[in-house]
Amino acid sequence: MERLYASESRLERSNHTAFIDDNILYVWGGYQVAAEVDFILPSEEIWECDLDSGEWVCRAIGGDAPSELSGPCGSFLNGSLYIFAGCDPMGYTNQFFSVDLTEECYTWRRKTDTNGTTPSPRNKHSCWVHKDRLIYFGGYGCKTIQEVRNTSAQSFIVEETSWSAIGTTYFRCWGWNNEVNVFDTQTNTWSMPEMQGPAPSPRGCHASAVLGNKGFVCGGLDSKDIDLYCLDLDTWTWTCYDFCSSHVPIGRSMHTLTPTSDHTLLLYGGFGANEVGVDKTRGRSDAWQFDTLTKEWMERTDHPHHDKPRVCHSACRGEGDQVVVFGGSSNFCIQMDSVAVLRSPRQQHSKNVFVFQNQPSSLSRLSKDAVARNQTLLTQQLSWLPRRTLKEIWKRLAFFSNQQPGAPTRHPGPQTQQPGANTRQLEATA
């Protein structure tokens with residue numbers, strides 16, 4: 001635990017929640033490995049990185065906080081972070097929490113006044129955000145015998161059976177699902193719409209993304225090639241993509257899928273078969289772009305991050321259609337033999353941010369960067385600029401200063417008010 005809270009390791013994490021709002025990267029939750037033991041990171045804090053200056057701050061969250069959660073699903077909608085389900089120290093849960101990040105002091109609120117039927121406990125699921133709704137898909141969890149009887153065999157694959165009490169409910173069946181559960185944030189109502197079309201098989205540890213009114217899901221299965229499904233979030237109709245080319249990504253899980261335009265998606269990293277040997281599986285660093293119009297995959301062989309394999313990382317859409325990658329395990333490895341499957345006991349969790357640049361930077365951004373890089377030559381002219389522009393340039397100046405070797409770093413504890421101190425510089429590659 002001492003290592004967990006050491007200043008240099010506070011940001012290292014995997015399987016966390018991350019999103020970008022107003023060019024601020026928010027990071028919550030996840031886990032680390034210390035002394036070969038998994039430690040869930042505190043739910044009473046959230047980290048914020050100004051992507052212009054590269055400065056991190058840590059904010060405290062009060063209120064009725066979630067317990068230590070493994071594999072929950074976090075979503076950002078209308079200024080609030082929502083956390084649903086996961087595994088706590090007592091087992092699988094379907095509890096629901098939210099925190100309003102527009103308030104001066106952040107406060108967790110447990111959502112207990114919902115209408116409709118709350119989905120069964122689960123983790124490793126995903127969420128699409130569309131029209132004030134949180135739309136959850138898939139995952140691994142538990143159901144009662146009666147729930148399994150009322151669920152089609154195509155929607156829930158029973159992996160094991162055992163008795164377990166969660167609250168006053170006894171669960172017996174554990175497995176993967178492909179359910180779509182909708183939470184309307186305006187009416188606080190859960191619903192399960194009737195699906196049409198060929199649905200994906202039950203799964204978890206997959207990747208998902210939204211383009212317009214379409215929700216995409218891929219991977220999460222032990223298969224040779226990746227699969228990709230699309231759900232119309234208005235008509236609830238599934239479509240399976242039949243790829244026109246044999247050049248497709250290999251099958252994988254614990255990867256990311258991120259929009260890069262109104263019709264393209266970027267797949268990065270994950271955990272899949274390694275071409276070097278069939279007895280060893282490692283994290284990957286390949287990137288692929290999928291065009292929803294041509295239905296073709298294109299490998300991004302020109303990206304500069306081949307030396308950064310990532311598993312259980314996050315990848316958010318930023319300004320200018322950038323993909324901002326944070327955290328994850330850089331050396332996730334599983335050894336397999338005829339007796340056991342073993343996870344590498346010495347995972348290296350990353351605290352770095354790096355960026356996939358999908359189009360040239362704007363002229364405004366290039367100009368501000370040029371001024372910041374040449375601040376000593378333009379000291380007199382800086383005073384001529386409007387205050388807002390000058391503030392943006394000072395942020396870029398801080399960013400470039402933090403890239404210098406030996407730049408100071410500070411790690412204060414959680415703050416209840418917005419702090420101004422630099423806590424950790426952004427380590428980015430554009």
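Guide: Let us begin with a loop residue: Asp 321 is found in the loop between S28 and S29. Helices (H or I, at least four residues) and strands (E, at least two) are DSSP runs, numbered from the N terminus. This is a predicted model, in which local features need pLDDT of at least 70 and side-chain atom pairs count only at pLDDT 80 or more, while totals for chains, interfaces and linings use all residues. Residues are numbered from 1 along each chain as its sequence is written, and side-chain values use heavy atoms, with hydrogens and water left out.

Visitor: What is the phi of Asp 321, and is the residue buried or exposed?

Guide: Most residues other than glycine have a negative phi. Asp 321 has a positive phi of about 60°, although it is not a glycine. With a relative accessible area of 18%, Asp 321 is buried (buried means under 20% relative accessible area, exposed over 50%, partly exposed in between, with a 1.4 Å probe and protein chains only).

Visitor: Which residue in the loop between strand S15 and strand S16 should be read in this way?

Guide: Asn 188 lies in that loop, between strand S15 (169-184) and strand S16 (189-191). Its phi is positive, about 55°, and Asn 188 is not a glycine. Asn 188 counts as buried because its relative accessibility is 18%.

Visitor: In what order do the strands of the sheet with S28 and S29 stand?

Guide: In a regular strand the side chains alternate between the two faces of the sheet. Here 3 strands form an open sheet in the order S28-S29-S32, with antiparallel pairing; two strands pair if DSSP finds at least two bridges between them. Strand S28 (314-317) and strand S32 (353-356) each have a single partner strand, so one side of each is left without a neighbour in the sheet. From one strand to the next the twist averages 25°. S28 is joined to strand S29 (residues 323-326) by 4 bridges, and Val 323 in S29 is the bridge partner of Arg 317.

Visitor: How many residues lie between S3 and S4 in their hairpin?

Guide: There are 2 residues between them, and Ala 35 in the turn has a positive phi of about 55°. Strand S3 (residues 31-34) and strand S4 (residues 37-40) run antiparallel, joined by 4 bridges. Ala 34 stands opposite Val 37 in S4.

Visitor: At what angle do helix H2 and helix H4 cross?

Guide: Two packed helices are described by the angle between their axes and the distance between the axes. The axes of helix H2 (residues 363-373) and helix H4 (residues 387-402) come within 8 Å and cross at roughly 60°. That makes H2 oblique to H4: angles under 35 degrees count as roughly parallel, over 145 as roughly antiparallel, 65 to 115 as roughly perpendicular and the rest as oblique. Axes are lines fitted to C-alpha atoms, for helices over the stretch in contact, and angles run from 0 to 180 degrees between N-to-C directions.
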